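Here are a few exercises to work through with the structure open beside you. Try each task first, then follow the solution step by step.

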Amino acid sequence: MERKATYSSLEPAPETRSALSHAPMLAIESSCDETAVAILADDGRILAERVLSQFADHAPFGGVVPEIAARAHLAALPAMVRMALADAGLAAHDLAGIAATSGPGLIGGLIVGAGFAKGMALATGADFYGINHLEAHALTARLPGLAVAPPGFPYLLLLVSGGHCQLVAIEGVGRYRRLGSTLDDAVGEAFDKVAKLLGLPLPGGPALEALAREGNARAHDLPRPMRGRPGCDFSFSGLKTAVAQLIAPHQNGALPRAIAADIAASFQRAVSEILSDRTAHALAMLPGATALVAAGGVAANQEIRARLAGTAEAAGTILIAPPLRLCTDNAVMVAWAALERRHAGQMGDIATICRPRWPLQELATP
Ligand code: KG4
Ligand code: ZN
C-alpha cells in the first residue's frame, strides 16, 4: 500500500528519523593528497577512521602532482573502504548513506572518490551525498563530543589551510556568508613557501612551527599586511616578500640554523597577529556568534591557536579548535557534513557533479 506523506517541512518524518537512528554514513575524502575513509553512526559516533597520506609519492617533485594524486587515490580506495567496513563491523549493504568530497579540489582525485562512492551507492541502494570540502571543515566543530557543547548557529569560522584563508559566518546548515578572504596567497601556502625558502622539508607548516620554537619572534620586524584596515580580508604576499629579502643575502651558503629559527619565529608571530586582527574584525561583524571555530591545517599551529583563544575571549566568546587529526583533511568531517544535511532533511543527490572550484556561499539550500 502506498503511504502518503503527511508532513510538509524539510524535517524528516518522525518514523523516518527513528529508522535512520543507527543508519551509518561512509565518507571518502580525496580532494588533495590524502586518501581518507570514515564511517559514522547517525548520531555522529565514529565507527571507523582511516587516513593514508600520499606524501612520499609527491615528495620527489616538491609539491602535489595532480595525476599522481588521482592514481594513488584509485589504488588505495578499495582496500581502505574494505578495512574501514571491517573496523566498523559492517558490510557494505548496512550503509544508509555514502558521501564523497565533490569539490573544491583537484578534479582527478574528486572524480575518483565521488565515482567510487556513487558506484557503491548504486550497488547497495544507499543515498549518495556530494559534499563541499569547505562545508565539511565548517561543520566539524559540531561533531558530538568534540566541544563541551556543540556550537549553535551562528558561529564564526576561520578556515586556514593550504588552499584557503577565509572568515565565514556559519548561520545554519547550508547557510554560509563569507565575511573576508585572502587577496593573494592562502595562509598555508605562505607557510609552505617560507618553509621552502628556509630549506625546510615538506609539509612546510609543521616544520616551520618546530623551527620557530628555537627562535626569537622579536628578531625581525616583519610587515603585518591589512592589520587595522576595515573589513576582514587578508594578504600575505608582502610578508612573504619581506621574508625572501631577509633570506636573500644567505643564498649562496647554507642559512645558519639560528638565523633561520629567528626568521621562522618572526614570520609565525606576524601571521598569528594578522589572523587575530582580521578575526577580531569579523567577530565584531557577527555580534551573536556562539563561538569562534578554527579549522584547516594551519589551525594545528599552537601559537596561532593560543592567540585566537585570546581574540575570542576578548570578544566575549570561546575558541573551538578541533583536534589536529580533524583539523587537517580527513573523512570524518565529510561524513559528519552529510549527516548534518540528512538531519536537516536535505537528502543527497546522485546527480551532484564534481567541481574544482565551489565557493561555500554557492551552497544554496531550499
Ligand atoms: O587543511 P589542510 O590539511 O589541507 C588543505 O589545504 O586543504 O592544510 C594543509 C596546510 C599546509 O599548507 C600545511 O603546511 C599547513 O596546513 N599546516 C600548518 C601546520 N600544520 C599544517 N601550518 C602551520 N603550522 C602548522 N602546525
Ligand atoms: Zn582541507
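**Exercise 1. Find the residues with the most contacts inside the largest nonpolar core, and say which elements build that core.**

Step 1: The largest nonpolar core holds 50 residues, and L198, L208, F236, F267 and V271 have the most contacts inside it. A nonpolar core here is a set of buried Ala, Val, Leu, Ile, Met, Phe, Trp, Tyr and Cys residues joined through side-chain atoms within 4.5 Å; buried means under 20% relative accessible area, exposed over 50%, and partly exposed in between (1.4 Å probe, protein chains only).

Step 2: Among the elements that give two or more residues to this core are strand 6 (155–160), strand 7 (165–172), helix 8 (237–247) and helix 10 (302–314). Helices (H or I, at least four residues) and strands (E, at least two) are DSSP runs, numbered from the N terminus.

Step 3: Helix 9 gives the largest share of this core, twelve residues.

Before you go on, keep in mind that this is a predicted model: local features need pLDDT of at least 70, side-chain atom pairs count only at pLDDT 80 or more, and totals for chains, interfaces and linings use all residues. Residues are numbered from 1 along each chain as its sequence is written, chains are lettered from A and ligands numbered from 1 in the order in which they are written, and side-chain values use heavy atoms, with hydrogens and water left out.

**Exercise 2. Describe the shell around ligand 1: which residues are closest?**

Step 1: Ligand 1 is surrounded by 18 residues, and the closest are G162, D192, G205, E209 and G297. To count as near, a residue needs a heavy atom within 4 Å of the molecule.

Step 2: Sort the shell by type and you get four nonpolar, eleven polar and three charged residues. In this sorting Ala, Val, Leu, Ile, Met, Phe, Trp, Tyr, Cys and Pro are nonpolar, Asp, Glu, Lys and Arg are charged, and the others, Gly among them, are polar.

Step 3: Helix 5 (133–139), helix 6 (187–197) and helix 7 (204–212) each bring at least two residues to the shell.

Step 4: Now pick out some atom pairs. A backbone N or O atom of G162 sits 2.7 Å from an oxygen atom of ligand 1, and a polar backbone atom of G205 is 3.0 Å from an oxygen atom of the ligand. In the side chain of N301, an N or O atom is 3.1 Å from a nitrogen atom of ligand 1. On its own, ligand 1 exposes 550 Å², and the protein buries 87% of that.

**Exercise 3. Where is S31, and which side chain does it contact?**

Step 1: Look in the loop between strand 1 (25–29) and strand 2 (34–40); S31 is there.

Step 2: S31 counts as buried because its relative accessible area is 5%.

Step 3: Its side chain makes a polar contact with the side chain of H133, at 3.4 Å. A polar contact is a pair of N or O atoms within 3.5 Å; within protein, one must be able to donate a hydrogen and the other to accept it, and residues adjacent in sequence count only if both atoms are side-chain atoms.

**Exercise 4. What is the phi of M226, and is this residue buried or exposed?**

Step 1: M226 is not a glycine, yet it has a positive phi of about 75°.

Step 2: You'll find M226 in the loop between helix 7 and helix 8.

Step 3: With a relative accessible area of 14%, M226 is buried.

Notes
Accessible areas come from the Shrake-Rupley method with a 1.4 Å probe; for residues, only the protein chains shown count as cover.
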